[in-house]
Number of protein chains: 2
Amino acid sequence: MQLASTGSHSEGRPAGRPVSRQVLADHVYEELLASLMDGRLEPGTAVSIDGTARELDVSPTPVREALARLEHTGMVRRVALKGYRVAPVFTREDFAELMEARLAIEPVNARLACARLTTGHLAELERAVADLKDAPRGPSFAEFRGYLEADERFHRLIAEQTGNQFMVAAYAALGGQIQRFRLFGGVGITDADHAIAEHQAVLDALATGDPEKAAAAMAEHVQKVRGRAIADAPAE
Amino acid sequence: MQLASTGSHSEGRPAGRPVSRQVLADHVYEELLASLMDGRLEPGTAVSIDGTARELDVSPTPVREALARLEHTGMVRRVALKGYRVAPVFTREDFAELMEARLAIEPVNARLACARLTTGHLAELERAVADLKDAPRGPSFAEFRGYLEADERFHRLIAEQTGNQFMVAAYAALGGQIQRFRLFGGVGITDADHAIAEHQAVLDALATGDPEKAAAAMAEHVQKVRGRAIADAPAE
DNA sequence: CATCTTCAGATCCTATAGGACCAGGCACGG
DNA sequence: CCGTGCCTGGTCCTATAGGATCTGAAGATG
């Protein structure tokens with residue numbers, strides 16, 4: 001029906017995307033991921049396979065494949081013969097566990113990344129921090145979306161710069177959850193000034209080339225994030 | 001050949017229901033996972049969707065879903081429009097990275113698990129170590145399969161006993177790879193005596209209730225595993 | 001009024017069909 | 001002998017059909 005595969009751009013999809021040689025399931029995956037990150041899909045709501053297929057104007061088969069991949073990220077949960085649901089909201093205990101895990105993994109990433117740091121890597125990190133400073137920080141999601149993206153990018157870059165594929169995988173298992181918490185934790189961006197300063201401190205520590213210093217800076221950042229989030233926690 | 005028979009080793013249902021209803025994709029997933037773990041699917045070989053479907057006497061749809069889940073574990077790799085292939089053999093560098101990651105994560109797990117240890121948990125760990133001692137250690141895979149299973153179970157139990165779902169996820173991202181390395185690293189089980197002693201040491205340290213001791217014992221174990229593997233490494 | 005039955009719709013799950021692409025073999029012309 | 005074109009089979013990918021199960025509401029019955 002749609003999906004004019006070779007060359008010709010069909011009018012089936014809005015916003016005529018080339019789509020030429022991309023698998024449809026990948027598109028569905030990214031679309032669902034964006035919806036989850038943006039908060040358009042709130043925790044607890046069901047994600048119907050057929051419904052999503054109708055909404056995106058594709059058949060259920062690619063949707064099924066995309067959801068199978070998403071399940072492994074912890075963003076959606078699947079119950080056999082019942083369907084998929086968006087993973088429930090974080091409790092305070094979930095948040096504590098997440099920070100405990102970050103505290104175990106991210107300083108190690110900083111230490112390893114510091115040992116292999118190149119000027120190119122450093123430039124990327126500097127760009128991320130600059131984007132963090134420049135990003136708008138309004139109350140609505142659309143306004144602080146750039147901020148969250150830069151924040152996540154900074155941490156992900158450090159994980160990737162370890163050169164260790166398994167540390168990247170371990171961090172990736174957490175990365176999505178971190179953003180999801182920021183969205184549904186209730187508080188918006190209230191600690192940007194502190195957070196930016198801490199990111200800058202991590203960056204400076206990395207630039208000195210002292211791995212222990214970098215690890216300490218990262219550990220301090222994570223601990224302070226935890227502390228602020230607990231202070232700002234909604235009454236609930 | 002194929003399914004129809006209810007799971008032999010998977011936990012049985014409360015027997016009240018015939019449970020004839022099970023999702024086919026789950027069976028395919030388990031079957032493929034077992035094939036990967038057993039070495040029946042050697043690294044680098046293609047995993048054809050249609051071919052697997054014919055072999056298991058199902059349609060390609062559940063196979064596609066199972067492979068989408070497997071991809072996220074790192075056991076198979078997918079190239080868009082080209083299909084799935086079993087992930088390539090570990091290089092020496094991959095192994096070093098894996099051990100680096102284990103060294104970052106597993107001692108933390110031991111420390112956290114130690115803090116929340118219960119008698120029930122301890123009993124499970126003791127059983128795992130006992131199984132490790134009793135397991136046959138022949139040259140063929142079928143013979144040391146039980147050994148590998150007990151080894152993996154020991155480490156997984158410690159991860160689960162942290163009570164931290166994210167540390168479990170982080171470890172799970174590694175767990176499968178550890179077994180795969182044991183299979184294709186070339187060496188069979190040559191260090192069982194040492195490894196059993198180290199597992200016992202970790203268990204003892206946990207039993208003392210001293211978290212730092214437990215972490216240290218686990219770190220020593222991982223480091224020694226790395227050292228022995230490097231010593232035994234095939235010429236390549 | 002309360003409870004049970006029935007039924008229509010939605011959903012999940014699997015099978016099947018068909019289009020597009022790729023690799024390899026084979027005949028044919030130079 | 002060698003290169004080229006054709007063809008066939010294999011594979012991936014998506015759409016569609018149909019069976020099985022669950023949900024929820026309307027209607028019937030005590």
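## Close-up views of a predicted two-chain model

**View 1. How the two copies meet.** Of the interface residues of chain B, 97% are also interface residues in chain A, so the copies meet through the same surface. Keep in mind that everything in these views comes from a predicted model. Two copies of a chain are related by a rotation about an axis and a shift along it.

View 2. Strands of a sheet pair through backbone hydrogen bonds, either parallel or antiparallel. Which sense of pairing does the open sheet of chain A have? The pairing is antiparallel, and the 3 strands run in the order β1-β3-β2. On the edges sit β1 (46–47) and β2 (76–79) of chain A, each pairing on one side only. Zoom in on β2(A) and you'll find it paired with strand β3 (residues 83–86) of chain A over 4 bridges, in the antiparallel sense. One bridge to pick out joins Arg77(A) to its partner in β3(A), Arg85(A).

**View 3. The sheet of chain B.** Chain B also has an open sheet of 3 strands, with antiparallel pairing and the order β1-β3-β2. Its edge strands are β1 (46–47) and β2 (76–79) of chain B, and each of them pairs on one side only. Between β2(B) and strand β3 (residues 83–86) of chain B there are 4 bridges, again antiparallel. Look for Val76(B), which stands opposite Val86(B) in β3(B).

**View 4. Arg78(A) and its surroundings.** Arg78(A) belongs to strand β2 of chain A. What is Arg78(A) in contact with, once its neighbours within four places in sequence are left aside? In chain A the list is Glu71(A), Gly83(A) and Tyr84(A). From chain B, Arg78(A) is in contact with Val23(B), Asp26(B), Glu65(B) and Arg69(B).

**View 5. Helix α1 against helix α3 in chain A.** Two packed helices are described by the angle between their axes and the distance between the axes. For helix α1 (residues 24–38) and helix α3 (residues 60–71) of chain A, the angle is about 55° and the axes are 8 Å apart. That makes α1(A) oblique to α3(A). The crossing of α1(A) past α3(A) is right-handed. By class, this contact has 12 nonpolar, no polar and 3 charged residues. Residues on the α1(A) side include Val28(A), Tyr29(A), Leu32(A) and Leu36(A), while those on the α3(A) side include Pro62(A), Val63(A), Leu67(A) and Leu70(A).

**View 6. Helix α4 against helix α6 in chain A.** How do helix α4 (residues 92–115) and helix α6 (residues 141–160) of chain A cross? Their axes come within 8 Å and cross at roughly 60°. α4(A) and α6(A) are therefore oblique to each other. This time the crossing is left-handed, as α4(A) passes α6(A). Arg102(A), Glu106(A), Asn109(A), Ala110(A) and Ala113(A) of α4(A) make the contact with His155(A), Ile158(A) and Ala159(A) of α6(A). Sorted by class, the contact of α4(A) with α6(A) has 4 nonpolar, 2 polar and 2 charged residues.

Methods
Residues numbered from 1 in each chain as written. Chains lettered and ligands numbered in written order. Predicted model: local features only at pLDDT ≥ 70, side-chain atom pairs only at ≥ 80, totals over all residues. Heavy atoms only, no water. Contact = heavy atoms within 4.5 Å. Pairing = 2+ DSSP bridges. Helix = DSSP H or I, 4+ residues; strand = E, 2+ residues; numbered from the N terminus. Axes fitted to C-alpha atoms, helices over the stretch in contact; angles between N-to-C directions. Parallel < 35°, antiparallel > 145°, perpendicular 65-115°, else oblique. Left-handed = near helix turned anticlockwise from the far one by under 90°. Nonpolar A, V, L, I, M, F, W, Y, C, P; charged D, E, K, R; others polar.
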